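Student: Could you take me through the contacts and packing in this structure, with the cut-offs stated as we go?

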Amino acid sequence: MSFLPFAVAAWLFLVGLYGIVASQNLIRTIISLTIVQASTYVLLLSIGYRTGGQAPIFADIPATSNAVDPVVQVLMLTDVVVEATITALLLALAIQAHKRFGSLDPHELRALTD
Amino acid sequence: MHITALPIVVPMIAAALLVSVRKWTPRLALDSSAISVGVASVTMCALILARTAHDGPFAYWLGGWQPKHMVSIGISLSIDPVGAGLATFAALLVTAALLYSWRYFDSIDGLFHALMLIFLAAMVGFSLTGDLFDLAVFFELMSATAYSLTAYKIEERGPIQGAINFAITNSVGAYGIFTGIGLLYARTGALNMAQIGAALDRHGTDPLVLVAMALLFIGFLTKAAAVPVHFWLADAHAVAPTPVCVLFSGVMVELGIYAVARLYWTIFAGPLHAHTEELRAILIAFGTMTAIWGGVMCYSQRHIKRLLAFSTISHVGMFLCGIGLLSADGLSGTATYIVGHGLTKAALFMLAGVLLHRFQNIDEFDLHGRGREIPWTGALFALGGILLSAVPVVTLFFGKSLLDGASLAAGYPWLPAVFVFSSMFTGGAVLRVAGRVFCGWGASKRPLDEEQAHQAREEEPEEQASRGRTPLLMLLVPASLLAAAIVIGVIPGAVPGIEVAAAHLRDHHGYIGWVLRGHVHFPPAETTHIAGYDYLYGAGAAVGAVALAALTLFGQPLLRRTPELLVRRAGIAIMAFRRLHSGHIGDYIAWWTAGAALLGGSSLIFLR
Amino acid sequence: MSRRTRLTFFGVAVACFGTVLVIGFTGLPPFGDYHGVYGQVLNGVAVSLRHATDIVTSLNFDIRAFDTLGEEFILFSSVLGVVLLLRQMRKEDEQESEEGEQEGEEEHTFAGASEALRALSLVLVPTMIAIGVYIVVHGALTPGGGFQGGVILAAAPLGVFLGGRYLKMKRIAPDTLVESGEAIGALGFALVGLGGLIFVGIFFKNFLPFGIPGHLLSAGMQPIASIAVGLEVAGAFVLAWTEFLDQAMLMSDEEDG
Amino acid sequence: MTVLQIAALAAVAVSGGAVVIMEDPLRQALLLGMFGLSLTILFFVFQAPDVALSEIVVSTVGLPVMVLLAIRKVRQQEERQQEEQGESADA
């Protein structure tokens, strides 16, 4: 059982990759990319967890008590917000692509191929 | 007061200011302020470089959070000569690109300048930081600005597709990096690279460390565009605005290689000490594949910017081999080569930009003979081709001879042949273009690949002004870059200086010492002398490049005498090879997965 | 590659990659049994050194503030990219539709905006602003901070839109103002770091008094950093949303006319 | 490991898979919201309230608005293209 969180992280990474490869619609590709990214959140937060640990906020609990690792939380907290704007950038690109190519299928989107 | 953090922060502040005032600011003010920030960054980076050269490497603890009992609390900028040198180089190229775009673009507003300055800050931060997570943050910052810059000319189709493929591939690479960081953090409880290295020295190697290494390496190699995770590069480089290409090929891609070297020597060198041989074989295998693949693809292109893009991939293969030799000469050779290559390739992209600016077309066959109008551009372009083939005694030659020596010492006597192949094909391709476009030699038609020709024609001018004359500045900037690429190698002390810098980078225990304890250690650096056969190899590659170009341009009668079946077979093989570069993002991610599996699998099998 | 070849190739690759990943993950310490030295040291130091009760915020805006600076500029530049991509396109669209009817200045209403929704937005908007501001300024004390509060703040103008007043939303938050706000937020955070360099000689070193743990103005520069981030995040999201809204609304206006 | 944690992990795994499998972007956008909510719960039971707060604001308002608007815009462009094609066919 103690491997479950890591298995979920691996699962999200791989299934997200599958989504990108199998996608026939750029918006689906972008959404799948956010799943890959969620894998890193699950992995890092699972790593930092301690059984019986409390959230690292010492307003309610004494500063000496058992708390989970705060570092992974910091790394992920900003990432969640920032990646949303990267996704926005990708969506804007997708809208543009649809305007220029008339399609969202990556197969049609081959401007410069060999 | 320390200036250490300023080359990162000043461009950021300037970018934010430019964005908020851009509506009311005339073009001249935007250009001149961006260029002066670039110059200021170059100066500050050079000062930092001078300090590392004089007093040795040092760590700057942001927020004053010094490490306590070898445990780092905050984030450090861990600056050694290689990092400071790369930062200076990046700032220099950004300034050159900004100067070039002054006359290159007709109508741009402050967004372009702001993005360029943030890109500069990201590259400098990436070179200087000593914290693994901070490295990933700057990697992402570099990416975020690079995507927008690639898509800058949104009225066309190519840039949109190039930017999408670039963004998705590199994002997946970044998530690989985050996963690798997570694994290392779980093992060592540290994010500072020196501390991770120290902790792993005690733990040794096991599957977790190997998989972490594979994920980090494949992530950074995605940015460096090593085969098979290189596909995005050609799509993005062919279509990005010329001043942006200059930075992508000249320094961004090389930073990916730098990260691999930095991570190996600070983090993994300790635990993998017993497996140097095997790791060397793996990295050289990837590098050789990249060098040959890139060289062949480069030679078979007719879209000039795409040709230059594949030439960069081929050189990345050489860099990866050089790093992969895991030796002093290999590292200093690569560093020297990166400087020479960056300057040369930047100049070549700028000259391709001149063609685009004047003829609104970047197809080799369409431009057949039309370049006669601009002989100076042609001369510089041909000079770039000669330089790229690493002719003695330019900077690239010194890099390559160090690499040759290192390959022989490491027991890879065939590796110099790969280097010669790469120099010959990339240099030869540029010379071929120069001959066809600027002298009108060779055929003016090649019916095989009309599709790419069409794409090259669709390329719209980046400036709308009259095309009668090429602004002088657009020739002066590449000319001075080429001049620098010629002379840097022969400046007394330059190459030995790089050797000292490389010795610091390789000093695993020394690094931990100066970052966490503040004990500076000066590792011994040997100066390598160039052997006689190096001149032979160098001259051979240059002659080969000229011969290859001449054969393609004038060799039609010869070709007619070879059996037709052979010619057709070869043609079909190359076309099949080229078709792998399909532009389909699904393909690229499938290849990425395969690359990650290959690197991870071979590490798990051979390094235990 | 055809779709089938691609999926087959990927199937083989992902099986190998998955194996590699799982082999690597088996080396992880069992879930809940983590004793990393970094986190433990930080849990010990942060309250006593920084007088902030939320360690995560202390890390975010003080100890690892340099990371946050980088992340902030990722946000900043990706939103610049969105503006770049969509604004140009909007101009083109407007040119294309110029032969159509002249756009009226009357209020554009969101299709599904009923009176009830409008009333709800009247309540919702001030509440969201209040919550957003609270979360931004109390970052050092309780969960939250500039990043989370910023998004909530940005949602307030969105509420005005849901209430059916698209043009009013633009009037409350015109592009230029929002853009400058975003830039000033990014600038502000960098300046907090610069303040450290100027007043105490080290970039991002705290240069403000720490106060009493648990009080609003405790934890030194953290509240100010949090406000700067809040401003930047709010500006960034409002900007991105309005660009997307403009895209989706422009066409529907034509349809209505 | 508590039951709550296991349940949250299962919810994340299932909804993540469902998002990817779904072909229609509109349904995907809705499922993405569900996925975000289950991630929020997961972060909460992993004692990461700060990250949970980040995730909930992004997954309930941040992303879905943009995804839905992007889908809407694309639909409009499609309609317009069809109209133009229809017109040219008429002529």
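The questions and answers below go from a chain interface to helix pairs and then to a strand and a helix.

Tutor: This is a predicted model, in which local features need pLDDT of at least 70 and side-chain atom pairs count only at pLDDT 80 or more, while totals for chains, interfaces and linings use all residues. Residues are numbered from 1 along each chain as its sequence is written, and chains are lettered from A and ligands numbered from 1 in the order in which they are written.

Student: Which helix gives the most to the side of chain C that touches chain B?

Tutor: Taking two residues as in contact if their C-beta atoms, placed from the backbone, lie within 7 Å, 57 residues of chain C are in contact with 58 residues of chain B. Helices here are DSSP runs of H or I with at least four residues, and strands are runs of E with at least two, numbered from the N terminus; α1, α2, α3, α4 and α8 of chain C each supply at least two residues of that side. With 15 residues, the helix that gives the most is α4(C).

Student: How is α1(A) oriented relative to α1(D)?

Tutor: With axes as lines fitted to C-alpha atoms over the stretch in contact, and angles running from 0 to 180 degrees between N-to-C directions, the two helices pack at about 5°, their axes 9 Å apart. Angles under 35 degrees count as roughly parallel, over 145 as roughly antiparallel, 65 to 115 as roughly perpendicular and the rest as oblique, so α1(A) and α1(D) are roughly parallel.

Student: And how is α9(B) oriented relative to α12(B)?

Tutor: Helix α9 (residues 231-239) and helix α12 (residues 304-324) of chain B pack at an angle of about 140°, with their axes 8 Å apart. That angle makes α9(B) relative to α12(B) oblique.

Student: Which residue stands opposite B:Ser76 in β2(B)?

Tutor: Strands pair if DSSP finds at least two bridges between them, and β1 (residues 58-61) of chain B pairs with β2(B) in the antiparallel sense over four bridges. Opposite B:Ser76 stands B:Trp61.

Student: How many of the 10 residues of helix α20 of chain B are buried?

Tutor: A residue is buried if 20 or more other C-beta atoms, placed from the backbone, lie within 10 Å of its own, exposed if 12 or fewer, and partly exposed in between. The buried residues of α20(B), among them B:Tyr511 and B:Trp514, pack against β1, β2, α7 and α10 of chain B. The helix is largely enclosed by the rest of the structure, because the number of its residues that are buried is seven.
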